[in-house]
Amino acid sequence: MGYVKRTVLAATAMAVVAAVPAQAGQVIVVDGDHAQRVNDPAVPTRAEAALPMPARPRPAVAAASRARARASSKRGRRAVYAALRRELRRKHIKRADYRRWRRTYVRSARTLRRLSGARATQLRYVLTSVESLALRRRLGATRMPAAFLQLERNRQYWPRMPYPGSRDQVSFKGSQILFVYFPGEGLQLHPLSTFKKANALYGFCDRGEATCDEAALRRILDEMTALAVKRGPNFIAWEYLFYFGGGTPPWMSGMAQATGIQALGRAAKLLGEPKYAETARRALPAFETPPPTGVRTTGPRGGTAYLQYSFAPRLYIFNAFLQSLIGLYDFSRAVDDAEALRLFHDAEPEARAEVPFSDVGDWSLYNYAGHESDRDYHELLREFLQSMCTRHLGQVYCVYAKKYRGYQVDPPVVTYAGPTLGTEDEPVALSFNVSKLSAVEVTVTRPDGRVVFDRLATFRRGDGSFTWTPRGPSTFTVRVAAKELRTGLGKRDSDTAQVEVENRPG
């Protein structure tokens, strides 16, 4: 295998894998004109709530999507007012909602005129996103609650609240919903993060813990029910309203949809509230509908698969697919729903066939035939595999959950492969084999302990070598040491051998 001939790259790689999310499990809570960062055991970590990044969009697509988000204020304003009037005239919204949402839009535009710099950029993006929806006639009655709530929260936040870090989570007193800050795109309603919080609240109560808060669980699910959008002719969805990785809003996530269905089903059983199960059932047909409206597609192994992103029909993300299946399965068990169980069985064979293709021998892939997982996504995939195993849904999930755990905790194995003979002044390849991505150092010493050769570089799993030219006959000691790079645990291995260097002939 090839290697990077720069010691600094090996050091950089070690520093990268050692990094951890700085704000794990934290949320900025806004209370009136104050905000503070607090730890909340129900709030997911950044890694848990993160949306895996799709493939980089084509520049033309990205530019067009951003242009739509920067809709003309004059044209956009007229379109927003027209959309509100149209839905009121059709009696799809109440007059009180019409007045409230129109006031939100007007007050947001006035607030924007008083802002400048980065704070203005964030609010402008959200404001013009609403205008863009209206201009494309996508601002219908069921999408208005989420669109105008998001606009109102950004209007409240940006004039004076503390500037958040990228991907910080934000909530507002009196509400359980989580927003996430995306630089340049403001605070964005985040269904996946919010439904993961709902699942955590459910878990506290299901286990009888002191942190159980049934009122908070009811509140978060009631709020999310009110924000569900009629996306297809026969189903509701929880949408994302910002440009992301080539996807123009509004788009949906199969993973977030299934996590919501899972949380609603669990709560329905725990709280004795059939209405939550009914909401979840209205969301199930997303897994019957092809993209870009829904998330059902044909997977790379020929079976039914569920997409992470409705706008990316050929991006097959392993962890997202498994969580979609887990959500459907858990809902079917919680409320004895045959349709959810059928949807699970439709796609589980494809997942079983795909899982072996996530293995690269010492780590996992993030997507089918794609790039490798980072540390967080590898752990997320391992957790979902273990969840499938624990639910007795197939031995393959147990096998790979155990294997991927081993990739995280097992030390590297490095073996010197030769040669053991050499000739002075003639280059020799000091070869070795390493079992996983590592920083590999080869040191050559004379019998008196003096180091005559020392090199460090990053090598992937497989064979590698360093070229050394001995400068005189002797018996040299070659030591090969490897330090794994992915997990940050710094586990090591080494091997040594003797190399006899003879006089140059003649």
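User: What makes C389 and C398 a disulfide?

Analyst: Welcome! This is a predicted model, and in it the sulfur atoms of C389 and C398 lie 2.1 Å apart. A pair of cysteine sulfur atoms within 2.5 Å is called a disulfide, so C389 and C398 are joined by one. With 100° about the S-S bond, this link is right-handed.

User: How do you know whether C389 and C398 are buried or exposed?

Analyst: Buried means under 20% relative accessible area. C389 has 15% relative accessibility, so C389 counts as buried. C398 has 19%, so C398 is buried too.

User: How many disulfides does the structure hold, and how are the bonded cysteines paired along the chain?

Analyst: There are two disulfides. If you number the bonded cysteines in sequence order, the pairing reads 1-2, 3-4.

User: Why is the link of C205 and C212 called a disulfide?

Analyst: The sulfur atoms of C205 and C212 are 2.1 Å apart. That value is within the 2.5 Å cut-off, so the pair qualifies. The link of C205 and C212 is right-handed, with 95° about the S-S bond.

User: What does the accessibility of C205 and C212 make them, buried or partly exposed?

Analyst: One of each! C205 stands at 11% relative accessibility, under the 20% limit, so C205 is buried. C212 stands at 31%, which falls between 20% and 50%, so C212 counts as partly exposed.

User: Let's turn to the rings. Why is the pair of F357 and Y368 called tilted?

Analyst: The structure holds 30 aromatic pairs. In the pair of F357 and Y368, the ring centres are 5.5 Å apart, within the 6.5 Å limit, so the rings count as a pair.

User: Which parts does the pair of F357 and Y368 tie together?

Analyst: F357 and Y368 both lie in the loop between α13 (338–354) and α14 (375–390), so the pair ties together parts that are eleven residues apart in sequence.

User: What makes Y368 buried and F357 partly exposed?

Analyst: Y368 has 16% relative accessibility, under 20%, so Y368 counts as buried. F357 has a relative accessible area of 38%, between the 20% and 50% limits, so F357 is partly exposed.

User: Which residues form one aromatic cluster?

Analyst: F182, Y240, F242, F244, W251, Y309 and F311 form one cluster.

User: How do you know where the charged end of R102 sits?

Analyst: The charged end of R102 sits over the ring of Y81, 4.1 Å from the ring centre. The distance limit is 6 Å, so the value of 4.1 Å meets that part of the rule.

User: What lines the largest pocket?

Analyst: The largest pocket has a volume of about 560 Å³. Of its 25 lining residues, K196, N199, A200, Q262 and R266 are the closest to its centre. The elements that give two or more residues to the lining are α8 (191–206), α10 (254–271), α12 (318–335) and α14. α8 gives the most, with eight residues. The lining divides into ten nonpolar, six polar and nine charged residues.

Terms used: Residues are numbered from 1 along each chain as its sequence is written. This is a predicted model: local features need pLDDT of at least 70, side-chain atom pairs count only at pLDDT 80 or more; totals for chains, interfaces and linings use all residues. Side-chain values use heavy atoms; hydrogens and water are left out. Rings of Phe, Tyr and Trp (its six-membered ring) pair if their centres lie within 6.5 Å; planes under 30 degrees apart count as stacked, over 60 as edge-to-face and the rest as tilted. Helices (H or I, at least four residues) and strands (E, at least two) are DSSP runs, numbered from the N terminus. Buried means under 20% relative accessible area, exposed over 50%, partly exposed in between (1.4 Å probe, protein chains only). A charge sits over a ring if NZ of Lys or CZ of Arg is within 6 Å of the ring centre and within 35 degrees of the ring normal. On a 1 Å grid over the protein atoms alone, a cavity is a set of points where a 1.4 Å probe fits but cannot get out, and a pocket is an open set with protein on both sides within 12 Å along at least five of seven lines; lining residues have an atom within 4 Å of a point. Grid points are joined across faces, edges and corners, and a volume is the space filled by probe spheres set on the points. Ala, Val, Leu, Ile, Met, Phe, Trp, Tyr, Cys and Pro count as nonpolar, Asp, Glu, Lys and Arg as charged, and the others, Gly among them, as polar.
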